[in-house]
Amino acid sequence: MSATADHAEERTNPAARLGFQPGQVVQEIGYDDDVDQELREAIEGVIESDLVDEDYDDVADAVVLWFRNDDGDLTDALVDATTYIEEGGSILLLTPKTGRAGYVEPSDISEAATTAGLTASKSVSVGKDWSGSRLATPKAAKSKR
């Protein structure tokens, strides 16, 4: 595939745009009937395997966390999600868009991410009903060992 085709896929495939890579193990948390099936399939297409569920008992490269305002405490959910990923892994936090049931305020996401020791690298629209925030552990914290 040419570099031009790669760039075109990144623009059209939200999973590629979000940084998912072939061979990654991606754990999905918070799955329910309202999730964006097209996004799930796009991620599975890029990683070339199925998403693993909440019962997966090994470490994943990344976590996809579907979270709605009534799902409990976002900070707790993010802290729990960090226990599932490799050091340096990322969490894709998916929340309903403005005006949708379960909408989460951006300030709440920012505060929860900071409290959980994560940094938001970008926020993107990932579908008709969902917004995504890519969260990562700070690089400085990883290198202080």
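Biologist: Why is Phe67 called buried?

Modeller: Buried means under 20% relative accessible area, exposed means over 50%, and partly exposed is in between, using a 1.4 Å probe and protein chains only. Phe67 has a relative accessible area of 4%, so Phe67 is buried. One caution: this is a predicted model, where local features need pLDDT of at least 70, side-chain atom pairs count only at pLDDT 80 or more, and totals for chains, interfaces and linings use all residues. Residues are numbered from 1 along each chain as its sequence is written, and side-chain values use heavy atoms, leaving out hydrogens and water.

Biologist: Where is Phe67 found, and which residues is Phe67 in contact with?

Modeller: Look in the loop between strand 2 and helix 4. Helices (H or I, at least four residues) and strands (E, at least two) are DSSP runs, numbered from the N terminus. Contact means heavy atoms within 4.5 Å. Leaving aside neighbours within four places in sequence, the partners of Phe67 include Asp73, Leu74, Leu94, Thr95, Val104 and Trp130. Phe67 also sits 8.9 Å from Tyr103, C-alpha to C-alpha, although the two are 36 residues apart in sequence.

Biologist: What makes Thr95 count as buried?

Modeller: Thr95 has 4% relative accessibility, so it counts as buried. Thr95 lies in strand 3, residues 85-96. Leaving aside neighbours within four places in sequence, Thr95 is in contact with Phe67, Val104, Ile109, Asp129, Trp130 and Ser131.

Biologist: What is Asp73 called at 43% relative accessibility: buried, partly exposed or exposed?

Modeller: With that 43%, Asp73 counts as partly exposed. Asp73 lies in the loop between strand 2 and helix 4. Asp73 and Ala112 are 39 residues apart in sequence but 8.7 Å apart in space, C-alpha to C-alpha.

Biologist: How do you know whether helix 4 is parallel, perpendicular or oblique to helix 5?

Modeller: Two packed helices are described by the angle between their axes and the distance between the axes. Axes are lines fitted to C-alpha atoms, for helices over the stretch in contact, and angles run from 0 to 180 degrees between N-to-C directions. The axes of helix 4 (residues 74-82) and helix 5 (residues 106-115) come within 8 Å and cross at roughly 45 degrees. That makes helix 4 oblique to helix 5: angles under 35 degrees count as roughly parallel, over 145 as roughly antiparallel, 65 to 115 as roughly perpendicular, and the rest as oblique.

Biologist: Which residues make the contact?

Modeller: Helix 4 brings Leu74, Thr75 and Leu78, while helix 5 brings Asp108, Ile109, Ala112, Ala113 and Thr115. By class, that contact has five nonpolar, two polar and one charged residues. Here Ala, Val, Leu, Ile, Met, Phe, Trp, Tyr, Cys and Pro count as nonpolar, Asp, Glu, Lys and Arg as charged, and the others, Gly among them, as polar.

Biologist: What makes a set of residues a nonpolar core?

Modeller: A nonpolar core is a set of buried Ala, Val, Leu, Ile, Met, Phe, Trp, Tyr and Cys residues joined through side-chain atoms within 4.5 Å. The largest one here has 20 residues, and Phe20, Val26, Ile43, Val64, Trp66, Leu94 and Val126 touch the most other members. Helix 2 (14-17), helix 3 (37-47), strand 2 (60-66) and strand 3 each give two or more residues to this core, with helix 3 giving the most, five residues. A second, separate core of 18 residues includes Phe67, Leu78, Ile91 and Ala116.

Biologist: Which residues does Phe20 touch?

Modeller: Not counting residues up to four places away in sequence, Phe20 touches Ala15, Val26, Ile43, Val46, Ile47, Ala62, Val64 and Leu92.

Biologist: Why is Glu48 called exposed, and what about its phi?

Modeller: Glu48 has a relative accessible area of 61%, so Glu48 is exposed. Glu48 lies in the loop between helix 3 and strand 2. Its phi is near 65 degrees, a positive value in a residue other than glycine. Most residues other than glycine have a negative phi.

Biologist: What makes Arg134 count as buried?

Modeller: Arg134 is at 17% relative accessibility, so it counts as buried. Arg134 is found in strand 5, residues 130-136.

Biologist: How many helices and strands are in the chain?

Modeller: The chain has six helices and five strands. Of its 145 residues, 41% count as buried.
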